Amino acid sequence: MTVETTAHKEEAVYVYEAPVRIWHWVNALAILVLGVTGYLIGSPLPSIHGEPSFHFLFGWIRFLHFTAGYILAVGILLRIYWAFVGNKHARQIFLPPVWRGSFWKELVHEVKWYAMITRAPMKYAGHNPLATIVMHVMFVWTIVFMIVTGFALYGEGTGMGSWQYTMFSSWVIPLFGQSQDVHTWHHLGLWVIVCFVIVHVYAAVREDIMSRQSIISSMFSGWRTFRDDKPMDDRH
Amino acid sequence: MTETFYDVMRRQGITRRSFLKFCSLTAAALGLGPSFAPKIAEAMENKPRIPVLWLHGLECTCCSESFIRSAHPLAKDVILSMISLDYDDTIMAAAGHQAEAIIDETIEKYDGNYILACEGNPPLNQDGMSCIIAGKPYLEQLKKAADHCKAIISWGSCASWGCVQAARPNPTQATPIHKVPGLAPKPIIKVPGCPPIAEVMTAVITYILTFERFPELDRQGRPKMFYSQRIHDKCYRRPHFDAGQFVEAFDDEGARKGYCLYKVGCKGPTTYNACSTVRWNGGLSFPIQSGHPCFGCSEDGFWDKGSFYDRLTDIHGFGIEANADKIGGTAAVVVGAAAAAHAGISAIKRARYKGGDE
């Protein structure tokens, strides 16, 4: 006697191409290093004693910050390039379809899902509208802001005549009024990124558990798998 | 014909040897090669003195005080004679109507050829009544002098940025020279600092005399030769900064050992000036060398950026004054707490939902 089982239909969509996945994790690591070293540059560790020629602690912290900053900046440039040549999901966080009425309607639905008013989330192969808008505003723009102000502050050290100074410091510092204000805003940017990371990690874990699609494993494998075979809501 | 600088110097009993020494030291101070020393000498021997009107608006005269203490060889005696300082109410002999008559005389005689040196700035509110000179608002005197001058030097942070009299809430609406509405559009060189370094002031004048033009200016109108680097970039305590050795309190071991003042609020890393290279009082010392952090007196709006001992600008609108780290840290804690609470509620809902499903 055999037991008849119906075939379990599980659709999978290839969402995150390899460059996007590699960028995601390199970028995450760079942000971690930048956040920690950046905080320590603003609020240094307790003073160490001994001959200054034996130590280079603060120098190393700053070196790590600058190196991670370069990696982040180059990564963002490559990521923007990939938004042009990659699949449609690669463009999503750069171009939220704010001109589309359905985007806002679905955004409201997603907010309701997070407010626990609706019982089930909609189903997306890519990011849901709430994730798209948060990543666009809190991540993309903040990172661009941090790169621009970061290079402006870095250019102050490399000095007039350096490309960092010419391309960034020369107009960013006067725009803010003076160097100290650029420092202040760069600090504020760190905290925006910290808030983003908290929200991002929490939402990813929560969605992974509670929604109908894979989240965390997708950023390793690239494939989005689903728990049901409901039609997708982002097939425009 | 007006006397040349050299004539004036010789008349004052300065030897040719001292004069040439002055020229080469000035060349060095301006960052020029040794070949420029004879050029400076030549200029001083042949060029007539440039007439200067030195006007005082709302200010404390610290710029003048600094200027007359220029310890540069001969400067104290000579610079005042080098330029034909036709009017400077704090140090001129004439007073009252005679003094004021000189302004009109200079404007008439050297129309379009004199330099207008502004110390302090004009208040705009109440028709400029907060600063009256010879019975008239300073604003009028400034505008008239600016109309006929060749170029303007903004001495100090007052003329350059506004300084203390322009600090919030600025009831008199004290306004830096380059922002005065209706002022003739003349080239302006800013020499900020409260006060500027004496040698920087004399060097700027010497440069203008020698080359008959302004030195190269940065985007904000300051001479690059003195304001292109931060105090921090040339600070003699910089090795302690890189090593991670900081003064934690003004009376600790680190303070006695001369560690970096970054953690007690030194604004050297955000301040563009020449203090750590040219120094003060004839190169004797500068604030950081005396054990006190730089508080950024040559930066725009330094009075309004919060404590002199804080490296972040105060952000208003959060009740009491707060800085970026306090606001950001609070936001991060709130977001973290919200995420945790949301996670808890989600777990409960999910448990209930599942219970309902079965």
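This is a predicted model: local features need pLDDT of at least 70, side-chain atom pairs count only at pLDDT 80 or more; totals for chains, interfaces and linings use all residues.
**Entry 1: the listed site**

Which residues does UniProt list for "binding site" in chain B? I looked this up first. The unreviewed entry gives His232(B), Cys235(B), Cys260(B) and Cys266(B).

I took two of the cysteines in turn. Cys235(B) sits in the loop between helix H10 (224–227) and H11 of chain B. Is Cys235(B) buried or exposed? I found 24 other C-beta atoms within 10 Å of Cys235(B). The cut-off for buried is 20 or more, so Cys235(B) is buried. I also listed its contacts, leaving aside neighbours within four places in sequence. They are Gly268(B), Ser276(B) and Ile288(B).

Cys266(B) is in another loop, the one between helix H12 (253–257) and helix H13 (275–278) of chain B. Cys266(B) has 27 C-beta neighbours inside 10 Å, so it counts as buried. Not counting residues up to four places away in sequence, Cys266(B) touches Leu261(B), Ile288(B), Pro293(B) and Cys294(B). I marked Ile288(B) in my notes, as it touches Cys235(B) and also Cys266(B).

**Entry 2: the sheet in chain B**

Next I traced the strands. Chain B has an open sheet of five strands, in the order E2-E1-E3-E6-E7, with parallel pairing. Which strands stand at the edges? They are strand E2 (84–88) and E7 of chain B. Each has a single partner strand, so one side of each is left without a neighbour in the sheet. Neighbouring strands are turned by 20° against each other on average, direction ignored.

I looked at the pairing of E1 with E3. Strand E1 (residues 51–56) and strand E3 (residues 115–119) of chain B pair in the parallel sense over five bridges. In E3(B), Glu119(B) stands opposite His56(B).

Two helices go with this sheet. Helix H6 (residues 96–109) of chain B packs on the sheet and touches E1 and E2 of chain B. Its direction makes about 130° with that of E2(B). Helix H7 (residues 138–148) of chain B lies across E1, E3 and E6 of chain B. H7(B) runs at about 160° to E1(B).

I followed strand E7 (residues 188–191) of chain B. In a regular strand the side chains alternate between the two faces of the sheet. Here Ile188(B) and Lys190(B) point one way, and Ile189(B) and Val191(B) point the other way. All of them are buried.

How many bridges join strand E6 (residues 151–155) of chain B to E7(B)? I read four, and the strands run parallel. Ile152(B) has Ile188(B) as its bridge partner in E7(B).

I then turned to Ile177(B). This residue lies in the loop between helix H8 (156–160) and E7 of chain B. Ile177(B) has 27 C-beta neighbours inside 10 Å and therefore counts as buried. Among the residues it touches, not counting those up to four places away in sequence, are Ile152(B) and Ile188(B).

**Entry 3: chain A**

I moved to chain A. UniProt, in an unreviewed entry, lists residues 22–42, 63–84, 133–155 and 185–205 for "transmembrane region". I checked two of these stretches. Residues 63–84 of chain A are 100% helix and 0% strand, with end C-alpha atoms 32 Å apart. Residues 133–155 of chain A are also 100% helix and 0% strand, and their end C-alpha atoms are 32 Å apart.

I looked at one helix pair. Helix H3 (residues 101–114) and helix H4 (residues 129–158) of chain A pack at about 100°, with axes 7 Å apart. H3(A) and H4(A) are therefore roughly perpendicular. On the H4(A) side, Pro129(A), Leu130(A) and Ile133(A) meet residues of H3(A), including Phe103(A) and Tyr114(A). The contact divides into seven nonpolar, no polar and two charged residues.

**Entry 4: where the chains touch**

Last, I looked between the chains. Here 44 residues of chain B are in contact with 36 residues of chain A. Helix H11 (238–243) and helix H14 (324–357) of chain B each give two or more residues. The largest share of chain B's side, 15 residues, comes from H14(B). That side divides into 15 nonpolar, 15 polar and 14 charged residues.

Terms used
Residues are numbered from 1 along each chain as its sequence is written. Chains are lettered from A and ligands numbered from 1 in the order in which they are written. Two residues are in contact if their C-beta atoms, placed from the backbone, lie within 7 Å. Ala, Val, Leu, Ile, Met, Phe, Trp, Tyr, Cys and Pro count as nonpolar, Asp, Glu, Lys and Arg as charged, and the others, Gly among them, as polar. A residue is buried if 20 or more other C-beta atoms lie within 10 Å of its own, exposed if 12 or fewer, and partly exposed in between; C-beta atoms are placed from the backbone. Two strands pair if DSSP finds at least two bridges between them. UniProt positions are given in the numbering used here, feature names are shortened, and annotations may be inferred rather than shown by experiment. Axes are lines fitted to C-alpha atoms, for helices over the stretch in contact, and angles run from 0 to 180 degrees between N-to-C directions. Angles under 35 degrees count as roughly parallel, over 145 as roughly antiparallel, 65 to 115 as roughly perpendicular and the rest as oblique.
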